[in-house]
Amino acid sequence: QVQLVESGGGSVQAGGSLRLSCAASGYTFSKYCMGWLRQAPGDEPEGVASIFASGDYTFYADSVKGRFTISRDNAKNTLYLQMNSLKPEDTAMYYCARASTCSGLRMSQIIWGQGTQVTVSS
């Protein structure tokens, strides 16, 4: 079955960096759009970034543009999210997601991983 396992979360001070990874298995990784979503306590999930199956196109939420970079290695079945210049408002649980279709940040028929916590202190 489909498995998405995130890693790389942690606690950092504002201005710091983290790199999240998502190891995918149980399906043909290179055929699916992938994305990262985040959810802070009491908030709705928010799409952070998405990337087409080929890796040719990426999309970002306005709140992270210029600071976060999504990438993928189809040979390693791994999705990444490089997060720089982190802010306290980036604090959330971050989820890797496989989507059947992507239209910008709108992802359909999503399968989620278990999440990795990112905490940014001021």
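A disulfide here is a pair of cysteine sulfur atoms within 2.5 Å. Apply that rule to this predicted model and you end up with two disulfides. Let's take them one at a time.

Start with C22 and C96, whose sulfur atoms sit 2.1 Å apart, inside the 2.5 Å cut-off. If you look along the chain, C22 belongs to strand 3 (residues 18-25) and C96 to strand 9 (residues 92-99), so this bond ties together parts that are 74 residues apart in sequence. As for the geometry, the torsion about the S-S bond is -70 degrees, which gives a left-handed link. Neither end is out in the open: C22 is buried at a relative accessible area of 0%, and C96 is buried with a value of 0% too.

Now go to the other bridge, the one that joins C33 to C102, with an S to S distance of 1.6 Å. The torsion about the S-S bond of this pair is about -90 degrees, so the C33 and C102 disulfide is left-handed. It links distant parts of the chain: C33 is found in strand 4 (residues 33-39) and C102 in strand 10 (residues 101-103), 69 residues apart. Both C33 and C102 are buried.

Technical notes
Residues are numbered from 1 along each chain as its sequence is written. This is a predicted model: local features need pLDDT of at least 70, side-chain atom pairs count only at pLDDT 80 or more; totals for chains, interfaces and linings use all residues. Side-chain values use heavy atoms; hydrogens and water are left out. Helices (H or I, at least four residues) and strands (E, at least two) are DSSP runs, numbered from the N terminus. Buried means under 20% relative accessible area, exposed over 50%, partly exposed in between (1.4 Å probe, protein chains only).
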